[in-house]
Amino acid sequence: MASWLSSFDFSFSLGKNVLVGVSIGLGIGIGIGAGIAASRKVFPLQTQDQKLVIHFAELTNEIKELRGVMVRLEVCFTETTTTRIVPLKGQLSGRQSDEEETEEDEFYEMSGETEPLSSAPVVDQLKEVIDEVDGLHSSNNAEDKYKIHKILEESSQMHQQSCELSWRYARSCYDIALLKGKSGDAEGKKSLLYEGVAKAEKAIEWDRNSAIAHKWYAIILGSTTDYESLQNQILLGFKYKEHIEQAINLDENDPSSYHLLGRWCYEISMLSWWQRKAASAFVAAPPSSTIEEALKNFLKAEEIKPGFWLSNSYWIAKCYKQNGDVAKASEWLKKAISLPVTSEDVSEITLTCIIVK
């Protein structure tokens, strides 16, 4: 048996034909052996019959050994074919004891499931879409933003479980929502903001460790508060902070996340007495923060990337002004004015800086 087995060529090209054939052989061999063994109790056997029984017993043992080899080769076959072998009751491993061999035989069948084919073409296609979107987004042009939205809308149908695509789609919804708002389309703006929230939620679902997905979820979520009741605004405020802090935990080197947390701290610190009183009616512990906490986050953002954003310098100035440090406020306003303007929103801040100065 050993010499025959060693000379047997288990070529991978045999594929599932070998496995199916061996499986059939197992059933036939064991069935014949069992039938002859039973006949010995009923009919007297001649010498020739006895020899035949011995031969079949040896054949049965050889088939069992062959099954062990077949199981060990399972991994090899699954690496070279698109069909895998799935155990029905368990997988044989190592040598079985005599007691285990008396138990019910374990059989394997060819599963109808197939191994996933190479995803390289899909990955390449997704990368091309992302590269195109990122290139267009850097231009900060309204026409390009609409083009981005169309590309992502079409691509999301083919790549529904991509975090990278989903958070970019959420960002695109936010960008187009702002454009809709400026054109007077209030309903269009609202619809796109809530669509953006849904897309950002999906992005987090696909990858909970994506800092940028958490960040954009918080940004768009914060933009929907105008459409919510006071109670929901308070709850959304907690959610906003939670996701910004999660973004920071996942990526401590993103200055924009610290800026966003600073904005939250500033707005909360500026709540009036009646707003705090109203908030306490909905939650046991209303959100709280201070100007100092806001300033700390703005300065942290500046430390990571000095002059990265005109808006950050402006809010630092606001914090100093609120604390009564006019000299520091003036210093940061001058820094803000010296920085390049990248959007219409920032242009308004620049105008404010000049007036205050």
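This is a predicted model: local features need pLDDT of at least 70, side-chain atom pairs count only at pLDDT 80 or more; totals for chains, interfaces and linings use all residues.
Local features were taken at pLDDT of at least 70 and side-chain atom pairs at pLDDT 80 or more, whereas totals for chains, interfaces and linings use all residues. Residues are numbered from 1 along each chain as its sequence is written, and side-chain values use heavy atoms, with hydrogens and water left out.

Helix α7 (residues 142-158) comprises 17 residues and spans 25 Å from its first C-alpha to its last, close to the 24 Å expected at 1.5 Å a residue, where the expected span is 1.5 Å times one less than the number of residues and helices are DSSP runs of H or I with at least four residues, numbered from the N terminus.

Six aromatic pairs were found in a search of the whole structure, a pair being rings of Phe, Tyr or Trp (its six-membered ring) with centres within 6.5 Å, and edge-to-face denoting planes over 60 degrees apart. The ring centres of Y266 and W315 lie 5.1 Å apart with planes at 80°, so this pair is edge-to-face; it links distant parts of the chain, with Y266 in helix α12 (residues 255-269) and W315 in helix α15 (residues 310-322), 49 residues apart. Both Y266 and W315 are buried. The rings of Y314 and W315, with centres 6.0 Å apart and planes at 85°, are likewise edge-to-face, and Y266, F298, Y314 and W315 form one aromatic cluster.

How values were computed
Helices (H or I, at least four residues) and strands (E, at least two) are DSSP runs, numbered from the N terminus. Rings of Phe, Tyr and Trp (its six-membered ring) pair if their centres lie within 6.5 Å; planes under 30 degrees apart count as stacked, over 60 as edge-to-face and the rest as tilted. Buried means under 20% relative accessible area, exposed over 50%, partly exposed in between (1.4 Å probe, protein chains only).
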